[in-house]
Amino acid sequence: MSGGIRDRVSIVGVGCSQFGENWHQGPEDMIVEAAFEAYEDAGIGEPQKQIDAVVCGAVYPSRGTAEVAESLKLFDRPVSLVQNYCATGTDAFRYGVSLVAAGMHDTVLVVGFDKPKDRGVSGPSIHMNTARGLPMTPAGWFSLCCARYFETFGAGREDLAKIAVKNHHNGTLAPKSMLKREISVDDVMRARMISWPFTLYDCAAQSDGAAAAVITRTDLAHNYRDDAVKVKGVSIALSPNPQTDPTFDFLAWKPTLAAARDVYAQAGVSEPAKQVHVAQVHDCFTMTELLTYEDLGFVEKGSAKEHIAAGTFALDGELPVNTDGGLKTFGHPTGATGVRMIYENVLQLQGRAGERQVKGATTALSHNLGGTPQTCGIAILGMD
Amino acid sequence: MSEQRAGIVAAGCYIPATRLPLALVQGGQAGEGSEGGPEKAVAGFDEDSITMAVAACINCLGARERSAVDGLYFASTTSPFREKQGASFIAKALDLRDDVATIDFGGTLRAGAGALLAAANAVRANPGQLILVVAADSRLAAPRSALEMNVGDAAAAFLVGAGEVMAVFEHTYCVSNEIYDVWRGQDDAYVRTWEDRFNVLHGYNENIRAVLDGFLENSGTAVSDYQRVALYGPDARSLAGAARAAGISAPVLQDSLFGRVGNSGAAFTPLLLAAALEDAREGERVLAVFYGDGAEALSLHMVSDGAVPERGLHWHLGRGRPLHAYDSYLQSRHLDAREHDRRAGEGVPATVHYRERDADISFLAQRCTQCGTVHFPACRVCYGCYTKDSFESERLSDLGGRVMSFTLDYFFPSPEPPLVAGVCEVDNGARVYLQMAEADADELRCDLPVEFVFRKIHDAGKRPNYFWKSRPLRQLSDTGASA
């Protein structure tokens, strides 16, 4: 059990680059775009003097920590790189928060970024350097839960499709999203099959992007802005590989259950459906979002399809999920995603989310799920 | 003085489920009488001589203790390796002992005779030994050639020993003949032949006659002494002609399986011999005639009734999955020039293969001796009780299982997309993530019973990379297996 860092650390500035197939931009361009927006948001004019340490999150960095240090010219201070599958962004944030909470540094810059579109392939890379464990595709890994869930709870492809439709709609309202196009359930059902039951529209695309957050001790936050957002809890949990775990039931993802237990204890959340007002959850595939509604305790296990039909998670629903369109419309530059979610939650809590603003939200949750999947990161932010 | 006895303890065969209707070879379309017409058995895209040999050995061994096997002799003209043994691969996949004697017999279509006789001699020299002999072939003929109508793929295995035999080796005779009738050079992908009439006259006919004459004279027997004859033939017509000339006719002459399996090369006579041993009764005599660079004949005396293995010839014949397009056959054999060559690329590092072979080739899981949790692949610390290094291994290949959940992957490159994959729970509790062989999308469901088969996963690194797959168990009950 974590000791928790509730209210000891605050976010005073956030930034996010344009997400997309940024053929014209290198990592440096996106890192600078995101970090300087965060500086401006925090009112930081002299980052050389005001940023004490940097934590980076990236899965495909070509130059490691120097990628960020050289881009921002932040030298002669700690610069570290964190990697934890698709939860990399949330884990980088967790390291930054830990450094501040431990009293090592006052003000830390967290930068998540990735540039997968320099690899020359449209989907994930395929490697044939093993005989066991194939096929090795993210869609294949995440779709493995569908068959048993469908048979057990009677859900189906249309329920998944409605999640894609919702997120595509939300994405049209987010200035920095990659895809800004409404789609229909029919579009999803008729699209090319990737891994049954996922068609192309059930899958998040790959994209390039960067996002940043400036965090500091809560007692220093007023030096930056009056409406700083407090970190209520942040957690990472790694669970057994579902492909080898002798007790996995294919109905709920263990890493989410474990990380939720821990982060809810830190944040004092006992009734997530009531106490969480807005959430950004990992929707690498539509089924990931569906299971996450249940694994986070937003709704009862097996009841997700009724809530999807009722619009519980729509922008005007009881618990809006993926208000910016999620991975579905931003794509998934792995290291950036978790920090991009924190960016969206900070805007939501500060009432700066424009057309997609959720009214009266004071507690926001963000969630990453990665690996096969094995790792989950959750951050809860709040205004009080 | 009585010579030490050697005989066949058990036999088993394997015929791949995939069938190529011969009408498709001739340019016909699926549906134009291709169903139910003559066909041949072809190894699936994930099968080769090694995987077929493994399957035949499993059928032959049945429930026998694997550690009792002292030798593994592999006969084939299509081992995937020019330098590296096939027998050691097969022995590893069967989880035989490390001190098993492994030998490859190759280079000729009658390699199976050499392997059987070598095993018989080894047993005569040391009567305590049990030698597993397996012949498998998967030869390529040039697409749409006349030869392609004849060649097919199959495997047959025999357990040779001194005790508890069903049939005792009696007489042998061989002739050697230097001729270019059928051959493959170092760089030939396809079987090459000289003109057919020359081949049959001076190759097949003359040598079958010579070996039979010599065999009968040496053994002091007559054709009429044999109740079953397994006779090689390059094609149905030549075989019928040679049989007629020798005075052998049905029902003594074993069904050559042309039109269903085809000429399975080094496995041809072994397959017919395995079939004969299923039906032969005590006291009968069985004659097997092999051909290739000469010919070889050997006879067996049944000292007990033959036995049909759980998966005998008729089980295999009854489970065909006909291809619907010639293109899909070409693609599965990498014969399609348009297809991206996936054999390039990194492949499995030799060091990884070496470390992982207990899991990947022998399919060994481990059970925690403290809490009983079963893990696959092996690991150092238990998932259940966190004890370190307290395990005993358990072989999964002869267990069954059920599908926990599955997917159909259209994205991962496969010669036959979509690739069906899923996590299975093995009967002993192990969880294994496997591709599924010979599965139709409409039969997939959670809890589907499966068995496990040794297959080729890909050719990355320009060498075959093997692992196990699951296969729906329904095929056993759906066919008229006479066991």
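Two strands count as paired if DSSP finds at least two bridges between them, with strands (E, at least two residues) and helices (H or I, at least four) taken as DSSP runs numbered from the N terminus. The model here is a predicted one, where local features need pLDDT of at least 70, side-chain atom pairs count only at pLDDT 80 or more, and totals for chains, interfaces and linings use all residues. Residues are numbered from 1 along each chain as its sequence is written, chains are lettered from A and ligands numbered from 1 in the order in which they are written, and side-chain values use heavy atoms, leaving out hydrogens and water.

Chain A carries an open sheet of 9 strands with mixed pairing, in the order S3-S2-S4-S7-S1-S8-S11-S10-S9. Ignoring direction, neighbouring strands are turned against each other by 25 degrees on average; angles run from 0 to 180 degrees between N-to-C directions, and axes are lines fitted to C-alpha atoms, for helices over the stretch in contact. Within this sheet, S1 (residues 9-16) and S7 (residues 209-217) of chain A run antiparallel and are joined by 7 bridges. One of these pairs A:Val9 with A:Arg217 in S7(A).

Helix H13(A) packs on the sheet, touching S1, S2, S4, S7, S8, S9, S10 and S11 of chain A, and its direction makes about 170 degrees with that of S10(A). Contact here means heavy atoms within 4.5 Å. Because 16 of its 16 residues are buried, H13(A) is largely enclosed by the rest of the structure; buried means under 20% relative accessible area, exposed over 50% and partly exposed in between, with a 1.4 Å probe and protein chains only. Just after the helix, A:Gly351 takes a positive phi of about 70 degrees.

Over in helix H4 (residues 88-101) of chain A lies A:Thr90, which counts as buried at 0% relative accessibility. Leaving aside residues up to four places away in sequence, A:Thr90 touches A:Val234, A:Gly338, A:Asn368, A:Gly377, A:Ile378 and A:Ala379.

In chain B, helices H5 (residues 196-219) and H6 (residues 236-246) pack at about 35 degrees, their axes 11 Å apart. Residues of H5(B) including B:Tyr204 and B:Ile208 meet residues of H6(B) including B:Leu239 and B:Ala242.
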